[in-house]
Amino acid sequence: MPTRVTRQTVDLSAYPDLLVLYLGMRVNRLYGIRTFMSFGRKIRESVADKPDGLLLHEPVYYSIFPMNMGMRQYWRDLPSLLAYARSEPHRQWWLGFLQDSGGTGFWHETYSARGGMEAVYDDVPKPLGFGRFAGIQRARGPMFGSAARLGRSDGGIPAVSETDLYGS
């Protein structure tokens, strides 16, 4: 017997600056499982602290092989997200990861209610998401930070600068 579909939607008018992030960590080498597990614990702890502006955090499983798991996050606005990204301990985790990925790859894609999308893929061996159809370029200069990739200038200091990462 057919069942009737209950169709629902949401009113997002209270969230005009909403950002949705999909984030993932991919295990590239066997020893990357240890890195992956240590980041999982750190992320759970940081989410439990309820950073200002984080509306919702949900785990997402992309694939078992290769192991690629992550999260979907909803942020009130870009300033809240950037304040969190630039705070401790997140800034230190990011700097440490960018200096040594520990056998993993990290990626994120951001979608903004105000318009614009952006992504970054660090040590991801094969393109995924936007990179599978839009092509890949180096995240340097104006493409280094997420605010600039969204076409916004926030005037802040990035969590990790190009100088911190590359020395130039």
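Biologist: What stands opposite arginine 26 in β3?
Modeller: That is asparagine 68. A word on the source: this is a predicted model, where local features need pLDDT of at least 70, side-chain atom pairs count only at pLDDT 80 or more, and totals for chains, interfaces and linings use all residues. Residues are numbered from 1 along each chain as its sequence is written, and side-chain values use heavy atoms, leaving out hydrogens and water.

Biologist: Happy with that! What makes β1 and β3 a pair?
Modeller: Two strands (E runs in DSSP of at least two residues, numbered from the N terminus) pair if DSSP finds at least two bridges between them. β1 and β3 have 8 bridges, in the antiparallel sense, so by that rule they pair.

Biologist: And how do you know that β1 pairs with β4?
Modeller: By the same rule: 9 bridges join β1 to β4 (residues 104-112), again antiparallel.

Biologist: Why is β1 called largely enclosed?
Modeller: Buried means under 20% relative accessible area, with a 1.4 Å probe and protein chains only. Because 8 of the 9 residues of β1 are buried, the strand is largely enclosed by the rest of the structure.

Definitions and conventions. Helix = DSSP H or I, 4+ residues; strand = E, 2+ residues; numbered from the N terminus. Buried < 20%, exposed > 50% of the residue type's maximum accessible area, 1.4 Å probe, protein only.
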